[in-house]
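Please keep the sequence and the model in view while reading.

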Amino acid sequence: MSAPAPSALDLTGLRTLPAQVWGAVRLVPLVRDAPVEDLRLGARAYDAAAGFVRTGPRDGYFSYVPHGFVATWTKDGSPAAAYGTRLSADRDPAPAEWMPLRVHRRPARREARDRLRFLPLHLALEGYLALHFDGPSIAWEEWSQRAVRNGLSPRAEQAYAGAAVDGLAEALRVFEIHPGQCGVLLYAADALAAAFVVPHPDDYRSLHATLLQDLYGDLVYHYAMLMPPVREFRADLGGARIRSLADLRAAASRQEAEWAEFHDGTMAAGLLQETYAWRTVYRLGRFTLSRFLPAFRPHEENHIGEAITDERGRVAYLKTFRLSESQIRRGHLLDRLAAHDWHLADTAADFGITETALALRLENAGFGSLLRQDVLDHHRRRRREGQA
Amino acid sequence: METFGDLVAADDVLLFVNAAITATGQREFHASAGEQSLSLDFLHAYMLGNYRDLYAGVLALDINDHNVVLIVRRLLETSGEATVEQRRREGRLIAARLASLPPQRVYGLFSALRRARVNNRRTRAIMRDWLAARPDPALDAVKYRGAFKAALRHAHLPPAGAELADFLFRPQARVRYAAPLLESWRRAHFEKAALYDLPYTVAEGFAARQGVPRAVFLERIAPRMTRLETLRLRESALRHGAGDVPADLTRMPLTRLASYVLSLPVEDRVRRRAELTGALESAARRAAGPLRGRWGKVTAVLDDSFSAYGSGVKRRRPLAVALACHHLLAELANDYTALWTSGRDDALLAFPHGPTPLGRRILDALDTAPSRLVIVSDGWDNAPPGLAAEVLRVWRTRLDPARRTSVVHLNPVHDSGGFDVRRLSPTVPTAGIRDAEDMPALVELAQFAEGRTGLAELTAYLEDRAARLRARAAGRGRTR
């Protein structure tokens with residue numbers, strides 16, 4: 001797996017159009033003038049609300065999988081032949097039914113000759129900690145045997161289904177899809193909640209309603225529930241210098257351009273102007289499926305997500321998930337640990353705190369089981385006795 | 001001398017009229033049925049409490065049947081609060097208005113009055129007069145059997161004739177009836193052939209009970225269907241493989257016809273283009289009447305955005321109104337341009353899709369330099385929001401202060417949150433619209449909103465309409 005240099009999201013080819021508001025939810029449509037024709041997505045609805053995901057031969061863990069997508073590649077004329085040989089080696093057996101639950105072998109896997117099925121937000125949520133999935137790279141004596149052997153498993157994160165987000169169902173229902181629309185940015189009380197981009201308008205039309213079945217962070221849930229309705233950005237033409245219909249028309253166009261500029265530069269800045277650490281998951285033809293992680297800066301917007309990019313790095317498919325503040329703090333902690341090769345003392349020095357404080361911070365963040373029990377007990381005692 | 005209170009009253013009445021024209025208490029695109037009826041109930045209570053005379057006067061306008069029933073019901077429920085003079089005036093208005101209401105609505109009203117235990121002398125008199133004016137009591141007894149019987153009971157009225165009395169209240173008393181319709185009804189219980197002499201809605205139940213296949217039933221009952229029943233059942237009959245239900249499209253009312261056209265798949269519309277366009281045009285010609293070609297150069301901005309779909313219970317209603325207005329305006333104008341918000345230009349193939357760039361479309365419309373600009377839209381301007389209001393404001397204040405172009409906005413959807421139809425801009429009058437056929441009258445009414453006309457003129461207008469309504473009702477009585 002290669003690790004490209006950190007870079008920003010490249011939304012070239014997508015235009016921002018005026019937002020539509022319903023309650024506290026603001027939906028900003030993104031329109032492609034030229035749709036991506038050779039990458040198509042389709043929705044695969046899962047009957048079971050709970051998906052059962054297995055990782056390897058060991059115990060599986062439960063994860064809510066709202067829906068999986070099927071990516072289809074076509075190349076005008078001879079679609080299957082171009083990739084057939086490469087994808088025909090389907091060594092994965094068909095998933096076996098396990099009780100009444102659906103069993104997924106791996107979140108991303110080859111399914112048919114030219115199809116890749118993947119479970120987008122599952123991937124993204126897993127990707128959050130997957131960066132450090134292998135656990136401590138050097139087996140310093142403080143880490144427990146379990147952490148060294150199994151990494152950060154089990155990995156579970158909390159999220160809300162879109163249907164639970166107040167007003168989202170109504171907002172999506174009354175939203176008027178633009179011709180050529182290939183994506184949407186979803187704001188809850190003007191906090192960017194999620195970005196969703198697909199290659200083709202037809203895909204968008206069929207997937208629009210599935211936004212309701214997606215996962216959203218708790219910030220989105222609480223904002224949508226507690227915040228008052230947001231205001232529309234209503235046009236304001238002034239009028240002092242308008243002397244003809246042509247002036248009026250020019251002023252109207254200026255309004256639209258100003259909105260797009262304001263949106264991309266201010267409202268969506270937390271998503272579009274950040275750089276991300278990318279991890280390639282899968283390559284197929286000119287497309288690359290990858291996940292990205294933010295810089296985990298506390299008190300700022302941090303989005304994780306997955307994207308399919310073309311050979312020039314332009315986004316064909318994008319789905320993001322906004323992390324909550326506690327998730328960011330945990331990510332930040334792991335990020336720093338990894339930067340110091342999981343050495344407790346060095347990391348503590350980097351934070352400017354004592355080793356004891358760092359150990360207790362790990363425990364508070366829910367990573368207590370990573371430390372050896374006697375080490376943790378030692379630090380607890382030191383804190384109790386007021387030595388650090 | 002106009003007082004501030006009078007201005008408020010005039011505003012309130014116009015607001016209520018808009019609601020009474022558009023709101024039906026059904027689900028709309030942006031609001032649920034509950035929100036709609038709650039909003040409407042409040043308006044009725046508010047009007048009745050504050051302006052009883054004006055509230056009754058609204059009956060004379062082209063408000064929808066749902067609201068006619070609500071108004072009449074509330075007036076009769078509160079008879080005790082009215083003065084003698086008010087009661088007399090209301091009674092005449094109610095009688096005249098009920099005469100033009102479809103019978104099922106009136107029977108619905110009577111049942112509601114009965115449930116609400118309203119049985120004052122005036123209510124009984126109104127029921128008596130209305131029932132006495134029905135052309136065929138036997139038909140009513142068969143078609144609206146339960147409601148008819150309940151109405152007679154509630155108003156303490158004897159049925160017309162001993163046979164009808166037996167039919168309703170002692171069904172076992174006679175072996176056969178002399179009236180053919182009653183006899184058919186009796187025989188339809190056991191004889192399949194007899195049910196084809198009954199009205200469609202009654203026969204449908206008997207057909208189901210006797211297991212008559214739907215296709216056979218629809219084909220044979222076709223001659224007994226009413227005009228609107230043929231329109232409603234034509235496609236269903238074709239799907240069932242029954243023979244053609246001959247719906248004479250050229251005789252249909254304009255907006256109903258538009259709804260029918262929009263319910264057809266696009267391929268069918270393409271195939272039957274000449275027939276459908278011809279029917280729409282002839283309906284529009286009839287609706288335009290003497291005003292044909294009198295409106296000068298007209299440009300229309302018509303909303304076919306996704307929200308024109310309406311809801312599951314009012315399918316494509318806003319779009320149907322827009323389509324009907326399109327054809328009517330083509331007749332009223334001598335130079336007509338239509339601009340759909342989607343940018344498509346084939347009205348017959350219209351379907352609700354996409355955003356509502358009203359501002360842009362209004363700019364395009366003003367480019368054609370019309371003498372009259374008509375906007376038919378639900379008022380949810382969203383691409384970008386508020387541009388239509390700004391364009392209209394700048395146009396009115398800076399580019400056309402002399403009002404060479406008259407602009408009117410017609411809105412087919414009641415906004416339950418705002419207790420009114422959604423307005424585009426304070427500089428442009430907005431009127432609710434239910435049927436495109438009422439457009440000339442509505443444009444007349446919208447002028448009241450624009451010029452901030454006072455209460456006196458509005459009252460005079462309502463009086464005038466009430467007189468016309470009574471004259472029409474009297475005329476109808478004589479021809480019968």
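In this predicted model, 22 residues of chain A are in contact with 25 residues of chain B, where contact means that the C-beta atoms of two residues, placed from the backbone, lie within 7 Å. Helix H7 (residues 245–267) of chain A supplies the largest share of the side of chain A that touches chain B, namely seven residues. That side of chain A divides into twelve nonpolar, four polar and six charged residues. Here Ala, Val, Leu, Ile, Met, Phe, Trp, Tyr, Cys and Pro count as nonpolar, Asp, Glu, Lys and Arg as charged, and the others, Gly among them, as polar.

**Conventions**

- Residues are numbered from 1 along each chain as its sequence is written, while chains are lettered from A and ligands numbered from 1 in the order in which they are written.
- Since the model is predicted, local features need pLDDT of at least 70 and side-chain atom pairs count only at pLDDT 80 or more, whereas totals for chains, interfaces and linings use all residues.

**Chain A overall**

- Chain A contains twelve helices and 18 strands; these are DSSP runs numbered from the N terminus, with helices (H or I) of at least four residues and strands (E) of at least two.
- Of the 388 residues in chain A, 37% are buried, a term for residues with 20 or more other C-beta atoms within 10 Å of their own, the C-beta atoms being placed from the backbone.
- Among contacts in chain A between residues at least 6 apart in sequence, 64% join residues at least 24 apart.

**Nonpolar cores**

- A nonpolar core is a set of buried Ala, Val, Leu, Ile, Met, Phe, Trp, Tyr and Cys residues joined through C-beta atoms within 7 Å.
- The largest such core has 146 residues, and Cys325(B) and Leu328(B) have the most contacts inside it.
- Helix H18 (residues 317–332) of chain B gives the most to this core, with ten residues.
- Leaving aside residues up to four places away in sequence, Cys325(B) touches Ala300(B), Leu302(B), Val376(B), Leu410(B), Ala436(B) and Met439(B).
- A second, separate core of 59 residues includes Val28(A), Leu39(A), Ala191(A) and Leu211(A).

**Helix packing in chain B**

- Helix H17 (residues 273–288) of chain B packs against H18(B) at an angle of about 60°, with their axes 8 Å apart; axes are lines fitted to C-alpha atoms, for helices over the stretch in contact, and angles run from 0 to 180 degrees between N-to-C directions.
- H17(B) and H18(B) are therefore oblique to each other, since angles under 35 degrees count as roughly parallel, over 145 as roughly antiparallel, 65 to 115 as roughly perpendicular and the rest as oblique.
- The contact involves residues including Leu280(B) and Ala284(B) of H17(B) and Leu328(B) and Leu332(B) of H18(B).
- By class, the contact of H17(B) with H18(B) has seven nonpolar, one polar and three charged residues.
- The axes of helix H19 (residues 358–367) of chain B and helix H20 (residues 387–399) of chain B come within 7 Å and cross at roughly 35°.
- In the contact of H19(B) with H20(B), nine residues are nonpolar, one is polar and one is charged.

**Helix packing in chain A**

- Helix H9 (residues 325–339) and helix H11 (residues 355–367) of chain A have axes that come within 10 Å and cross at roughly 130°.
- H9(A) and H11(A) are therefore oblique to each other.
- Arg329(A), Arg330(A) and Leu333(A) of H9(A) meet Arg361(A), Leu362(A) and Ala365(A) of H11(A) in this contact.
- The residues of the contact of H9(A) with H11(A) divide into three nonpolar, no polar and three charged.

Methods:
Buried ≥ 20, exposed ≤ 12 C-beta atoms within 10 Å, placed from the backbone.
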